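Please read the points below alongside the sequence and the coordinates.

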Amino acid sequence: MLTIQLKKQLAHYDHSILLRNRQVVSREGKNKIRIKNQQLLNFSSNDYLGMTHHPAVKKAFIQAIKQYGVGSGSAALVSGWQLPHEELEKQFAAFLGRERALLFNSGYLANLGVITVLAQRKTAIVADRLCHASLLDGIQLTRAKHYRYRHCDIMHAADLLKKNAQSSILLVTESVFSMEGDIAPIKDLALLAKQSDAAFIVDDAHGIGVLGQQGRGISESAELDAEAITCLITPLGKAFGGMGAIVSASHTVIEAIMQFARSYRYTTAISPAIAAAMLKTLILIQQETWRREKLRTLIQFFIEEAIERGLSLLSTALTPIKSIIVGDNQQLEAIEQQLLTRGLLVACIRPPTVANGTARIRISLNCLHSKKDILFLLDNISLCLNTK
């Protein structure tokens with residue numbers, strides 16, 4: 001019976017052009033990727049600052065492998081927490097100007113852990129409608145009352161907070177939305193949280209390293225002090241080019257998360273070599289400011305050239321994520337194949353990652369792209385959209 005049900009689900013996905021396929025890739029050069037026998041210009045990676053292949057990061061990783069081995073060998077609360085983990089937490093807390101930090105294995109696990117510790121059955125959770133799946137999964141696990149405000153709609157968020165004034169409240173948002181590339185009205189949300197005595201949770205996955213003069217993310221760019229955001233989640237798989245996630249907050253909040261978060265307690269600690277590599281990346285992001293500066297220049301150039309070609313972007317915020325709605329899944333698949341034949345790899349995002357009817361081309365820019373690369377991409381997207 002189960003097999004029959006699964007086959008029906010898979011057949012429905014196939015018919016709706018929703019099946020995903022993994023492809024073995026190899027990286028060749030700065031932004032070149034090879035799939036089978038074809039070399040492609042890659043606009044699908046979230047490695048915004050080009051840190052994944054940074055020689056100093058790779059060297060730090062290799063040295064740590066020699067010293068600490070491949071894995072941590074245990075959960076952090078047993079015997080898996082080692083010197084690179086401790087140093088990364090301390091340095092990250094100092095970088096963000098927050099009291100304390102805690103290292104998780106991934107942004108997904110961090111969001112599950114934070115939400116399930118800070119919310120109880122009687123908590124009211126008010127979250128942006130377009131929050132990441134990991135935040136939504138954490139919310140569902142709490143079995144708390146969940147209210148979704150219209151995307152970036154401050155008035156709607158305020159109304160929902162007011163209606164739940166007698167409850168313990170969490171206000172939850174991403175900083176930079178991963179499928180739209182727009183930026184949440186963080187200052188206004190922080191003020192609402194303060195006025196409502198709500199805990200304010202922000203996932204800064206696509207802001208950390210990119211936003212702010214020093215790359216400190218949304219709190220720096222919005223000029224917020226540490227108290228404005230109760231718990232800041234900063235995954236390390238995007239601009240940091242690695243893996244893991246740092247959760248930062250007050251001593252009390254971090255201690256509670258460390259003690260009670262099941263996604264932290266019951267998983268083997270991340271490799272100490274990864275922690276050492278991320279510590280090196282943290283240093284380089286502060287030193288090599290040209291990466292962030294060049295990325296911003298390229299983002300502005302992309303926006304101007306896209307507008308000149310009549311392309312409708314979901315957001316013109318200065319973030320590396322740029323999306324163009326196609327709508328129909330079949331049309332999007334055809335465009336994806338056309339771009340591949342022209343030597344371009346972009347992310348073509350379909351439901352359920354995005355809402356039905358909003359299938360889109362999602363472009364990720366990084367500091368190792370060139371203006372020539374961007375012009376080549378935009379010219380070919382324009383051609384594909386005009387012949388779809």
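1. The cover over the buried residues of helix H12 includes helix H2 (55-68), helix H4 (83-96), strand S4 (100-104) and helix H13. The model under discussion is a predicted one. Within H12, 12 of the 16 residues are buried, so the helix is largely enclosed by the rest of the structure. Among these buried residues are Pro272, Ala273, Ile274, Met278, Leu282 and Ile285.

2. The length of H12 (residues 272-287) was also checked. Its 16 residues, at 1.5 Å a residue, should span 22 Å, and the end C-alpha atoms lie 23 Å apart, which agrees. At the N-terminal end, H12 is capped by Ser271, a side-chain oxygen of which lies 3.1 Å from the backbone nitrogen of Ala273.

3. Helix H13 (residues 289-308) contains Arg291. Is Arg291 buried or exposed? Its relative accessible area is 10%, and a residue counts as buried under 20%, so Arg291 is buried. The side chain of Arg291 makes a polar contact of 3.5 Å with the side chain of His54. A polar atom of the Arg291 side chain also lies 3.5 Å from the backbone oxygen of Gly50.

4. Leaving aside residues up to four places away in sequence, Arg291 touches Leu49, Gly50, Met51, His54, Cys367 and Leu368.

5. Cysteine pairing deserves a separate remark. How many disulfides does the structure hold? The number is 0. For Cys152, the nearest cysteine sulfur belongs to Cys131 and is 9.5 Å away; a disulfide would require the two sulfur atoms to be within 2.5 Å, and Cys152 is therefore in no disulfide. Cys152 has a relative accessibility of 24% and counts as partly exposed.

6. Gln214 sits in the loop between strand S8 (199-203) and helix H9 (218-221). With a relative accessibility of 33%, Gln214 counts as partly exposed. Which residues does Gln214 touch, not counting those up to four places away in sequence? They are Phe95, Glu220, Ile285 and Arg292. Of these, Ile285 is one of the buried residues of H12. Gln214 and Leu96 are separated by 118 residues in sequence, while their C-alpha atoms are 9.9 Å apart in space.

Notes. Residues are numbered from 1 along each chain as its sequence is written. This is a predicted model: local features need pLDDT of at least 70, side-chain atom pairs count only at pLDDT 80 or more; totals for chains, interfaces and linings use all residues. Side-chain values use heavy atoms; hydrogens and water are left out. Helices (H or I, at least four residues) and strands (E, at least two) are DSSP runs, numbered from the N terminus. Buried means under 20% relative accessible area, exposed over 50%, partly exposed in between (1.4 Å probe, protein chains only). A polar contact is a pair of N or O atoms within 3.5 Å; within protein, one must be able to donate a hydrogen and the other to accept it, and residues adjacent in sequence count only if both atoms are side-chain atoms. Contact means heavy atoms within 4.5 Å. The expected span of a helix is 1.5 Å times one less than its number of residues.
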